[in-house]
Amino acid sequence: MTRTVRDALADGGPTFSFEFFPPKTDDEDRLLWTTIRELEPLQPSFVSVTYGAGGSTRAKTVEITERIATDTTLLPVAHLTAVEHSVHELRGITGRLAAAGVTNVLALRGDPPGDPQAEWVRHPEGVEYASDLIELLHGWGDFCVGAAAFPNGHPRSASLDDDTSRLVQKCRAGVDYAVTNMFFVAEDYLRLRDRVSAAGCDVPIIAGLMPVTNIGMIRRSEQLTGAPFPAALGERFAAVADDPKAVRAMGIYETSKLAERLLDEGAPGVHFYTLNRSKATREVWANLALGVRA
Ligand code: FAD
């Protein structure tokens with residue numbers, strides 16, 4: 001029987017996991033597989049591959065997760081979104097994943113292609129929300145299903161309370177765990193966990209972390225999360241902005257400190273947004289002496 005993220009969490013954890021995105025060029029493809037091979041010896045609990053907004057990158061998610069399942073010792077999680085897919089297409093993709101032994105899926109609604117802020121339009125024969133996709137997946141097979149969580153609220157949610165109730169709704173639709181969007185202050189995660197727990201839901205919430213290794217990533221994180229970068233931390237980075245080595249060292253240190261605090265606070269796992277590179281993740285890993293903890 002295929003191992004699942006649920007099994008990894010049940011083993012007592014914490015889980016450690018890495019996220020990749022499908023490459024667009026041959027050079028990027030080589031970089032990804034070098035990174036996967038460099039991270040493999042760390043024996044992460046699972047690795048996940050994002051689902052693109054359209055075209056060939058979508059097929060790549062399936063190809064890469066299949067190859068991880070067959071050619072490596074790693075446990076792959078395939079992201080899947082509802083964007084521009086009919087239910088029939090979604091079923092076909094999950095069938096192909098299952099045939100390759102990929103039964104771990106992170107079920108997402110996804111953002112409108114091109115402009116993530118644009119109005120969301122459901123495929124006429126598709127689904128509206130991630131919770132619908134989660135229900136479909138459980139009807140189609142024995143999938144271990146994860147969902148997205150947002151420590152600072154999803155940009156389209158009316159309020160943090162509304163956002164929390166939507167996450168709880170996804171959990172009730174059959175989610176085994178959630179993974180958060182990137183965040184930089186432990187309290188944002190802890191408050192999310194408290195809100196979800198107060199709503200009577202005990203889903204394990206894995207913390208998603210991205211080490212800042214250059215100043216441009218601060219702005220990028222704001223675009224990806226829709227939330228401002230924490231001001232106090234931003235000022236510390238700004239003070240060393242002219243020194244790329246110092247920025248990088250600060251990013252590794254801050255992420256290590258954040259991960260350590262989260263694990264001390266009982267977070268069930270830490271998920272690294274690797275951007276398909278291994279060095280920063282390996283450095284944070286070493287700082288945490290993860291080999292000892294795992
Ligand atoms: P949903 O849970 O459906 O929520 C979308 C919005 O609708 C939210 O504002 C929510 O509050 C609201 N909502 C939900 N249910 C209802 C309801 N019943 N009634 C009214 N409102 C409701 N994107 C990709 O394209 N590919 C990826 O691989 C990918 N991976 C991701 C991984 C992680 C860990 C995270 C955190 C995000 C990822 N994303 C990815 C981005 C994600 O797809 C977007 O943030 C998307 O806008 C929200 O997806 P969701 O699954 O949370 O949607």
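User: How far is an oxygen atom of the ligand from an N or O atom in the side chain of His154?

Analyst: This is a predicted model, in which local features need pLDDT of at least 70, side-chain atom pairs count only at pLDDT 80 or more, and totals for chains, interfaces and linings use all residues. Residues are numbered from 1 along each chain as its sequence is written, and side-chain values use heavy atoms, with hydrogens and water left out. A polar contact is a pair of N or O atoms within 3.5 Å; within protein, one must be able to donate a hydrogen and the other to accept it, and residues adjacent in sequence count only if both atoms are side-chain atoms. For the side chain of His154 and a ligand oxygen, the distance is 2.7 Å.

User: How much of the ligand's accessible area does the protein cover?

Analyst: Accessible areas come from the Shrake-Rupley method with a 1.4 Å probe; for residues, only the protein chains shown count as cover. On its own the ligand has 970 Å² of accessible area, and the protein's share of cover is 86%.

User: At what distance from a ligand oxygen does the side chain of Asp111 place an N or O atom?

Analyst: Asp111 is among the residues that come nearest to the ligand, as is His154. For the side chain of Asp111, the distance is 2.5 Å.

User: Which element gives the largest share of the shell around the ligand?

Analyst: Helices (H or I, at least four residues) and strands (E, at least two) are DSSP runs, numbered from the N terminus. Elements giving two or more residues to the shell include strand S3 (76-81), strand S5 (144-149) and helix H6 (160-172). The largest share is three residues, and these come from H6.

User: Against which helix do the buried residues of H8 pack?

Analyst: Buried means under 20% relative accessible area, exposed over 50%, partly exposed in between (1.4 Å probe, protein chains only). In H8 (residues 216-225) the buried residues are Met217, Ile218, Ser221 and Thr225. They lie on the same side of H8 because their arc around the axis, taken from the directions to the C-beta atoms, is only 105 degrees. Their packing partner, by contact (heavy atoms within 4.5 Å), is helix H9 (231-239).

User: Is Asn276 buried or exposed?

Analyst: Asn276 sits in the loop between strand S8 (269-273) and helix H11 (279-288). Its phi is near 65 degrees, a positive value in a residue other than glycine. With a relative accessibility of 3%, Asn276 counts as buried.

Conventions:
Near = heavy atom within 4 Å.
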